[in-house]
Number of protein chains: 2
Amino acid sequence: MALLAQTSAPRPPAQLNVWHQVYKRGEALFRVGEPFRSIGILRSGAVKTYLQRDDGSEQVLAFLLPGDILGLDAIAAGQHMRNAVALDTTSACLVPYDGVDEISNRFPALRREMMRQMSLGLVRDAQVHMLLTMRTADQRLAAFLLDLSNWYRNHGFSAREFQLPMPRADIANYLNIKPETLSRALTRMQNDGLIRAERRRLLILDPDALRTMAGESLPPEAWRAVRKQVQ
Amino acid sequence: MALLAQTSAPRPPAQLNVWHQVYKRGEALFRVGEPFRSIGILRSGAVKTYLQRDDGSEQVLAFLLPGDILGLDAIAAGQHMRNAVALDTTSACLVPYDGVDEISNRFPALRREMMRQMSLGLVRDAQVHMLLTMRTADQRLAAFLLDLSNWYRNHGFSAREFQLPMPRADIANYLNIKPETLSRALTRMQNDGLIRAERRRLLILDPDALRTMAGESLPPEAWRAVRKQVQ
DNA sequence: CGTCCGGTTGACAAACTTCAATGATCGTGG
DNA sequence: CCACGATCATTGAAGTTTGTCAACCGGACG
């Protein structure tokens with residue numbers, strides 16, 4: 001990974017003691033309150049991060065895919081501020097973390113990458129904010145699917161057909177809707193010929209319609225009317 | 001406020017060419033796409049950041065209060081990723097920004113503070129996520145008011161009585177509800193003796209009830225029943 | 001003094017949740 | 001290999017919350 005290649009270049013003396021770790025589905029990478037010992041870069045698989053609510057229910061905060069850095073929000077407090085569990089068999093590359101200054105002084109490239117990733121994280125969180133505040137479940141779902149589709153395209157995979165790395169319940173939780181509502185939304189999109197979704201396999205049939213759906217803020221009733229007109 | 005506030009403003013090194021700037025209500029501190037020239041620390045007043053949707057409507061992303069750092073999400077792209085306007089007469093302290101490395105090498109203390117603030121920003125965004133995904137408008141409003149109250153307490157002001165730094169429309173937008181719904185929620189809380197809200201003055205009469213409301217996930221009908229029982 | 005703007009309220013429609021039941025898939029042990 | 005239970009997903013009907021549209025109110029301000 002680019003990150004590691006960079007780190008060895010600038011300062012030869014201390015080689016970073018990097019290692020890999022594999023997690024099985026359902027296994028925790030870290031939990032709230034654990035001391036922040038190492039930065040993790042996701043190599044394969046998928047991870048969800050979440051927090052517990054006062055009432056015991058959980059709230060999914062993010063899905064992480066290969067290339068993402070884990071746990072940067074732990075820097076300030078020195079301990080993890082969210083839970084992370086593998087959604088599937090997952091491997092991560094771990095870099096020991098001995099404090100900002102230690103890392104900053106010895107590995108400027110890593111420091112730079114960390115700052116870049118944190119800044120990107122803030123941008124992404126703003127995008128999540130935009131996603132969560134879309135008016136209808138259909139819009140949020142459309143935006144979510146496009147997001148995923150873009151990720152696959154950007155990583156050299158098909159943007160039209162891919163696997164959903166997480167179960168419906170997690171998607172629904174993330175989008176702040178009930179699984180039933182998600183299911184209905186998927187069914188609607190399917191009936192309207194926008195997508196094909198069965199189990200974890202997703203096929204995007206009409207990306208433009210999805211984009212318009214995620215972008216525009218027309219009431220969904222108007223949407224259904226539009227879609228019917230086209231047929 | 002956990003959601004709004006970053007505590008402890010950094011003291012910029014003396015060598016840095018720091019200056020102050022005052023903005024009038026409605027004036028823009030920066031806009032999406034502008035080059036990232038300086039880091040700003042809010043000294044007084046209040047700021048909202050927001051993004052434009054495809055349909056032209058705007059989405060409020062955050063309210064910033066004194067002590068908050070502005071525009072850290074601009075580091076990665078080198079340009080601002082959101083709009084920021086003053087909600088009131090506002091003064092900010094500006095530190096020129098010449099790139100991560102420049103600042104990092106010359107002012108380690110500032111670099112450390114920047115990383116801390118970015119990390120805190122990520123934590124805060126997670127809290128915003130939790131806020132936005134609360135089930136009902138009443139819960140979100142309760143959590144929001146408590147956040148604001150906590151900010152004032154943490155800054156040496158009364159946690160019971162304070163000014164709302166933003167108009168209703170902005171609060172509603174931030175909480176992802178319509179102004180009408182916000183108004184009704186406020187009225188309900190007022191009728192139930194939890195708060196007193198007129199114009200921009202807010203009085204918290206029953207903080208514990210607010211806390212329970214924000215924490216628990218009981219359906220609001222159950223809530224009204226509980227409140228009535230107490231009377 | 002009238003107008004504008006921010007805020008409130010009412011009535012109705014839309015979207016979402018809840019409760020309940022059914023169906024499909026998969027891993028596992030008999 | 002099949003049966004079984006468990007998990008995951010879908011569907012229907014009824015109830016709740018929120019949005020929408022419209023009217024109204026009151027203070028701020030020219």
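Predicted model: local features only at pLDDT ≥ 70, side-chain atom pairs only at ≥ 80, totals over all residues.
Local features are reported where pLDDT is at least 70 and side-chain atom pairs only at pLDDT 80 or more, whereas totals for chains, interfaces and linings use all residues. Residues are numbered from 1 along each chain as its sequence is written, chains are lettered from A and ligands numbered from 1 in the order in which they are written, and side-chain values use heavy atoms, with hydrogens and water left out.

Helix α4 (residues 137–154) and helix α6 (residues 179–191) of chain A pack with their axes 10 Å apart, at an angle of about 75 degrees; helices (H or I, at least four residues) and strands (E, at least two) are DSSP runs, numbered from the N terminus. Axes are lines fitted to C-alpha atoms, for helices over the stretch in contact, and angles run from 0 to 180 degrees between N-to-C directions. The two helices are therefore roughly perpendicular (65 to 115 degrees). In their contact (heavy atoms within 4.5 Å), the residues of α4(A) are A:A137, A:D138, A:L141, A:A142 and A:L145, which meet A:T181, A:L182, A:A185, A:L186, A:R188 and A:M189 of α6(A).

Chain A also has an open sheet of three strands in the order β9-β11-β10, with antiparallel pairing (two strands pair if DSSP finds at least two bridges between them). Strands β9 (161–163) and β10 (195–198) of chain A stand at the edges, each with a single partner strand, so one side of each lacks a neighbour in the sheet. From one strand to the next, the twist averages 15 degrees. Three bridges join β9(A) to the antiparallel strand β11 (residues 201–204) of chain A, where A:L203 is the bridge partner of A:E161. Helix α4(A) packs on this sheet, touching β9, β10 and β11 of chain A, and its direction makes about 100 degrees with that of β9(A).

Note on methods: Parallel < 35°, antiparallel > 145°, perpendicular 65-115°, else oblique.
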